[in-house]
Amino acid sequence: MISRTLHALTRALSPGLRRLSHVSSGGPIEDGSDSAHLTGHASLYVHWPYCLRRCSYCNFNKYISRENNDVMMTECLRRETDALLQLSQVSCVTSVFFGGGTPSLAHPLTIAAVLETVAGRVSLSDEAEVTLEVNPTPEGKSRLEEFCVAGVNRFSIGVQSLQDEDLKILGRDHSSHQALQTIEEARRLRPGRVSVDVMFGRPEQSVESWESELSELLKVCDDHVSLYQLTLERGTQLFRRVQGGEASVPAEDVTAEMYQRARTTLHQHGFLQYEVSNFARHNAVSHHNMSYWRGRQYIGVGPGAHGRFVPLGEGGVDREARTQTLEPDVWIREVQQRGHGTRRRIRLGHLELLEEVLVMGMRMTEGINHKHWQMFSPQLGLREVFGTSAEVREFLQSGRLVLDDRGLRCSWDGLAVLDSMLPALLVELERETSRKLQSDEQRERSDPR
Amino acid sequence: MHRGDYRTIYLQHSYILIVVTGQQWLLQQFSSAGVADIDIDINRFLSFCVKESIDLSKFPADRIRNFCIIAHIDHGKSTLADRLLEMTGAIAKTEKNKQVLDKLQVERERGITVKAQTASLFYSHEGEQYLLNLIDTPGHVDFSYEVSRSISACQGVLLIVDANQGVQAQTVANFYLAFEAQLAIIPVINKISAKLGTNVEKVLQAVVDRIPAPAASIDDPFKALVFDSNFDHYRGVVANIALFGGQVRKGDRIVSAHLGKTYEVNELGLLRPDEHPTQKLFAGQVGYIIAGMKDVKEAQIGDTLYLQEQPVESLPGFKPAKAMVFAGMYPMDQSEYPGLRSAIERLTLNDSSVTVQRDSSLALGAGWRLGFLGLLHMEVFNQRLEQEYNASVIVTAPTVPYKAILSSTRLIKEHGSEEITIVNPAQFPDKSVVSEYLEPMVFGTILAPDAYTGKIMTLCLNRRAIQKNMVYIDDQRVMMKYLFPLNEIVVDFYDLLKSMSSGYASFDYENAGYQAADLIKMDILLNGRPVEELTTIVHRDRAYSSGKAMCERLKDSIPRQMFEIAVQAAIGSKVIARETIKAYRKNVLAKCYGGDITRKMKLLKKQVEGKKKMRLIGNVQVPKDAFIDVLKRKD
């Protein structure tokens with residue numbers, strides 16, 4: 001019955017289905033100096049909350065679905081996309097990212113339906129990056145082609161490890177062999193637009209085993225690699241096992257070494273690090289993720305999705321941090337009742353927006369350039385904010401931070417300890433913006449016009 | 001059963017024992033001690049209490065009883081005070097009445113009484129109405145100064161003993177305070193069963209029957225003792241007074257004997273426990289007075305007040321409390337200096353036992369060196385500054401007042417005396433100019449079950465203590481007397497004693513003068529740079545172990561930073577201990593996309609707040625708590 005409904009849906013959609021056969025790799029990625037784009041453009045994140053099983057390390061918003069509710073989810077994702085696009089009044093969606101959960105469990109027609117909704121309301125270029133996160137299972141692999149037809153032009157594959165033992169410990173539902181096959185199929189379909197996720201700092205992992213695993217991966221991977229350090233999250237099975245002494249994770253110094261070696265190895269293979277955990281060759285960066293780090297607007301659709309945009313549709317002038325309702329069943333009900341499931345809206349003040357721009361921007365190796373900063377902070381330049389602080393000067397002198405004609409950024413060494421520098425940068429930002437505000441007020445008082 | 005023995009002790013002293021909660025056999029035991037059942041019409045005096053205006057002239061001195069409650073810490077004096085307030089209708093009887101007299105946030109959080117509070121109760125006994133003035137006192141050894149002040153305004157005390165814990169070190173100390181002041185003492189056994197308030201009525205009866213009325217005549221000229229004072233932001237000084245003679249009314253012009261300044265009485269009344277204005281106060285009564293004292297120094301505790309035209313002989317007043325623990329206090333940021341100054345001024349008005357001296361340090365800027373009665377006293381003061389005045393302060397490692405006998409004639413001339421007192425370790429004079437160093441000693445009393453005797457003796461030995469006496473006070477419990485160097489018990493002795501005896505041991509001490517000691521100055525260096533604020537004075541025999549302990553402590557309390565930090569302890573130029581805090585190599589959160597920003601920002605905000613509580617020493621960030629934590633020992 002459900003599949004029949006989906007077939008009906010397909011027929012309804014097929015005339016309008018976007019054809020994305022001529023995708024160029026590394027489409028135009030504008031520098032975004034045009035501040036009009038700040039509110040006119042947005043990227044779109046779509047959250048698929050379901051997984052087949054629970055990974056032992058994951059505390060993400062995901063649910064093991066008991067029944068197939070594809071039709072309902074599809075309808076609700078469409079409705080919410082429509083409602084939030086309207087609210088944001090953006091004219092252009094620059095990229096779409098289907099994350100989860102396990103979005104490769106969604107029906108390709110669901111993906112198609114959402115893209116159709118976007119294209120029906122705003123401009124969505126054929127060149128626009130559309131990424132899907134994929135679990136490298138045989139089921140996932142077999143559907144990649146259909147996802148391409150639906151409009152996906154970039155795959156991000158959750159390989160995590162090439163050791164079957166470790167995949168078991170992590171509670172993953174695939175083997176290393178299946179992962180290799182999935183990568184191969186994805187590369188066949190979207191050459192140059194496949195990313196693989198790998199995880200280090202796994203239980204019992206050594207620096208040497210990590211290095212050899214990474215070289216294995218480099219033989220088969222495409223042009224994009226994301227490296228994640230395993231973080232023990234409260235409430236996960238792995239956390240309990242490590243707490244209870246059943247498992248142990250490598251010490252801080254060991255994971256630091258793993259990170260540095262991986263950076264070096266990837267660099268030697270032509271992968272340029274462009275963010276703390278992201279590496280690309282042939283300029284195959286993730287445009288969608290770049291737009292987060294560049295402080296662009298994004299709209300989050302689906303249970304628990306986050307967004308950052310100005311709700312122009314209801315007369316808003318400030319950017320808001322928005323969170324959708326977490327539990328899928330409740331979210332579905334809310335979307336059915338009022339068109340969207342936005343649970344929380346927090347207006348971001350000027351300083352808070354700058355804080356996010358700073359924190360996100362500094363994660364990129366290119367950092368924050370003066371023009372980019374000026375777009376968010378026309379009154380107070382990077383040099384004015386950070387140029388006088390003694391602590392920042394020490395970061396500069398020790399070579400961890402660079403502030404020059406291009407802008408502010410971390411050095412190679414600095415990037416690894418960014419989180420130690422950010423508090424100092426934030427303190428400075430807060431101090432300088434409030435000082436600026438005070439001096440402006442004083443000037444106004446002395447010059448009452 | 002040792003519990004029986006304490007009753008015997010009291011009965012031998014021929015004091016009346018009142019049983020608060022009712023076990024029948026105890027009641028029978030003590031009915032022979034003269035406690036009679038008296039019927040009271042509670043409703044009548046309750047309705048009397050709620051009358052809007054109170055005519056205090058109805059209460060001549062013989063209808064007044066002034067008493068306080070003293071006890072070992074946590075023996076339930078604040079709870080008994082709550083029940084007494086409820087029974088006399090001063091507060092409504094609800095489940096929520098817990099520590100009504102403990103007004104300070106720090107008191108409620110820690111479950112202790114820091115500041116003595118006063119409450120006037122109306123009580124009807126044998127057809128007569130009485131005014132009972134209750135002063136709730138702190139229990140901890142650090143606050144005994146408040147206890148002795150309260151006692152000066154009273155004619156009797158309720159001495160509470162927890163039935164389960166029996167007599168404790170502070171029970172003995174407080175007993176002697178009251179005994180020496182020749183007050184009537186009513187022992188009360190508390191907590192025999194739950195806090196139901198059974199037999200509290202009998203406590204009130206005993207207060208009327210056994211405590212003498214104040215010897216004060218309304219015909220004498222007005223004469224009052226300032227036994228406590230508070231600072232009110234809007235009204236200035238609110239002084240608590242006990243009238244030793246005469247009467248006072250609104251509009252009277254009164255004189256402070258200490259300063260000779262004249263004031264006009266703006267407001268006066270009873271504390272029930274909230275301020276309750278009345279027209280007059282009469283001889284024997286206790287209440288508050290507001291007389292336009294604006295400066296915090298105008299209401300000296302222990303001062304005598306009299307009417308402008310009728311000077312009287314001053315009351316004896318109080319010995320100033322002796323500060324035994326000194327520490328530097330500095331604002332987090334120098335811009336907060338004026339705010340912190342006024343907060344300290346106001347807080348020291350409510351707590352005159354704190355001594356204040358201006359001080360400054362290289363790393364911390366301008367601040368003060370404050371003297372306290374003990375470490376709890378210091379922690380409470382610090383907490384009150386933060387909670388009541390919203391002031392964030394850095395407290396440096398506490399030290400005791402050492403003395404040095406100078407040998408250099410130049411220095412003797414400079415100081416004007418041969419003997420100097422050192423309250424700041426950074427100013428400790430070098431051995432070459434000193435003939436002898438002296439350290440303050442205390443005479444400590446420890447009471448504990450004999451199962452812990454061995455452990456306690458080892459602890460005391462480690463603290464350079466000399467045993468003076470040891471007796472069994474019953475078949476299980478031992479009272480030990482030791483002579484301690486004060487610096488050995490200042491920081492963590494009490495906590496350790498408590499934890500190693502599962503809370504059963506109790507401790508009290510009194511000053512025992514000074515003794516010669518082989519003292520040296522120990523510096524702490526961060527990356528080779530001496531940190532003046534962490535300099536300590538140690539006994540030569542203890543130098544290595546305390547240097548090592550301090551370095552370990554610092555290693556634990558200073559977070560890893562982007563560079564390696566060497567933590568060293570040094571005597572002169574000789575390094576005697578070292579710890580290394582390794583540099584961070586990587587601490588960047590691996591993953592940060594659109595859905596992670598909110599969480600990431602929250603985390604960073606917390607780090608920013610934490611960072612604001614850090615102090616930069618050289619290029620090392622040191623959390624402000626490190627300055628005090630560094631002295632706590634593990635033993």
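Is Glu128(B) buried, partly exposed or exposed, and at what relative accessibility? I looked this one up first, and Glu128(B) counts as partly exposed, at 31% relative accessibility. For my own bookkeeping, buried means under 20% relative accessible area, exposed over 50%, and partly exposed in between (1.4 Å probe, protein chains only).

**Ground rules.** I am working with a predicted model, where local features need pLDDT of at least 70, side-chain atom pairs count only at pLDDT 80 or more, and totals for chains, interfaces and linings use all residues. Residues are numbered from 1 along each chain as its sequence is written, chains are lettered from A and ligands numbered from 1 in the order in which they are written, and side-chain values use heavy atoms, with hydrogens and water left out.

**Entry: salt bridges.** I searched the whole structure and found 52 salt bridges over all chains. A pair counts when a side-chain nitrogen of Lys or Arg lies within 4 Å of a carboxyl oxygen of Asp or Glu.

**Entry: a pair inside chain B.** I went back to Glu128(B) and found its side chain meeting that of Arg63(B) in a salt bridge, 2.5 Å from N to O. This pair links distant parts of the chain, 65 residues apart: Glu128(B) sits in strand S4 (residues 128–136), and Arg63(B) in the loop between helix H3 (42–49) and strand S2 (64–71). Helices (H or I, at least four residues) and strands (E, at least two) are DSSP runs, numbered from the N terminus. Arg63(B) is partly exposed too, with a relative accessible area of 23%.

**Entry: across the chains.** Next I checked Arg599(B), which forms a salt bridge with Glu233(A), with 3.2 Å between the closest N and O atoms. The pair crosses from helix H16 (residues 597–612) of chain B to the loop between strand S8 (224–229) and helix H9 (237–243) of chain A. I noted that Arg599(B) is exposed at 51%, while Glu233(A) is buried at 16%.

Arg560(B) forms a salt bridge with Asp253(A), again with the closest N and O atoms 3.2 Å apart. I placed Arg560(B) in the loop between helix H15 (543–557) and strand S30 (565–571) of chain B, and Asp253(A) in helix H10 (residues 252–268) of chain A. Arg560(B) is partly exposed at 24%, and so is Asp253(A), at 27%.

**Entry: helix H7(B).** Last, I listed the buried residues here, among them Ala169(B), Phe175(B) and Ala178(B). After the helix comes Gln182(B), with a positive phi near 60 degrees.
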